[in-house]
Amino acid sequence: MGITDGLTNVEIADRLHISEKAVRNHISHRFSKLGVHSRAQAIFLVRDHGLDA
């Protein structure tokens, strides 16, 4: 469950029972580690490598 499933930050936060800000921070950190700047880039990168984010 996550951005590769097309969920918004609010939807992820609701499902995990955490704040939207916590989701934004986590996603920003992951984008940095992956070397991407957008959800679309992250999704393509993750799916191209057979991973799940």
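## Asn9 and helix H1

Asn9 is located in helix H1, where helices (H or I, at least four residues) and strands (E, at least two) are DSSP runs numbered from the N terminus. The model is a predicted one, in which local features need pLDDT of at least 70 and side-chain atom pairs count only at pLDDT 80 or more, while totals for chains, interfaces and linings use all residues. Residues are numbered from 1 along each chain as its sequence is written, and side-chain values use heavy atoms, with hydrogens and water left out.

Asn9 has a relative accessible area of 15% and is therefore buried; buried means under 20% relative accessible area, exposed over 50%, and partly exposed in between (1.4 Å probe, protein chains only). Apart from neighbours within four places in sequence, Asn9 is in contact with Glu20, Val23, Arg24, Ile27 and Arg39, contact meaning heavy atoms within 4.5 Å.

The buried residues of H1 are Asn9, Ile12 and Ala13. They cover an arc of only 100° around the axis, so they lie on the same side of H1; the arc is that of the directions from the helix axis to the C-beta atoms. These buried residues pack against H2 and helix H3 (39-48). The face turned away from the buried side carries the exposed residues Asp14 and Arg15.

Val10 also lies in H1, but with a relative accessible area of 41% this residue is partly exposed.

His17 is placed in the loop between H1 and H2. His17 has a positive phi of about 60° although it is not a glycine. The relative accessibility of His17 is 73%, so this residue counts as exposed.

Leu51 lies in the segment after H3 and is exposed as well, with a relative accessible area of 55%. A distance of 24 Å separates the C-alpha atoms of Leu51 and His17, which are 34 residues apart along the chain.

## Packing of H1 on H2

Two packed helices are described by the angle between their axes and the distance between the axes. The axes of H1 and H2 come within 8 Å and cross at roughly 115°. Axes are lines fitted to C-alpha atoms, for helices over the stretch in contact, and angles run from 0 to 180 degrees between N-to-C directions. H1 is therefore roughly perpendicular to H2; angles under 35 degrees count as roughly parallel, over 145 as roughly antiparallel, 65 to 115 as roughly perpendicular and the rest as oblique.

H1 passes H2 in a right-handed crossing. A crossing is left-handed if the near helix is turned anticlockwise from the far one by less than a right angle, and right-handed if clockwise. Asn9, Val10, Ile12 and Ala13 of H1 make the contact with Glu20, Val23, Arg24 and Ile27 of H2.

## Packing of H2 on H3

H2 and H3 pack at an angle of about 60°, and their axes are 11 Å apart. This angle makes H2 oblique to H3. The crossing of H2 and H3 is left-handed, and the contact is made by Ile27, Phe31 and Leu34 of H2 together with Arg39, Ala42, Leu45 and Val46 of H3.

In H3, the buried residues are Ala42, Ile43 and Val46. Seen down the axis of H3, they fall within an arc of 100°, so they line one face of the helix. The buried residues of H3 pack against H2, whereas Phe44 and Asp48 are exposed on the other side of H3. Gly50, which follows H3, has a positive phi, near 70°.

## The nonpolar core

The largest nonpolar core has nine residues: Ile3, Leu7, Ile12, Ala13, Val23, Ile27, Phe31, Val36 and Ala42. Such a core is a set of buried Ala, Val, Leu, Ile, Met, Phe, Trp, Tyr and Cys residues joined through side-chain atoms within 4.5 Å. Helix H1 (9-16) and helix H2 (20-34) each supply at least two residues of this core, and H2 gives the most, with three residues.

Phe31 is one of the core residues. Not counting residues up to four places away in sequence, Phe31 touches Ile3, Val36, His37, Ser38, Arg39 and Ala42.
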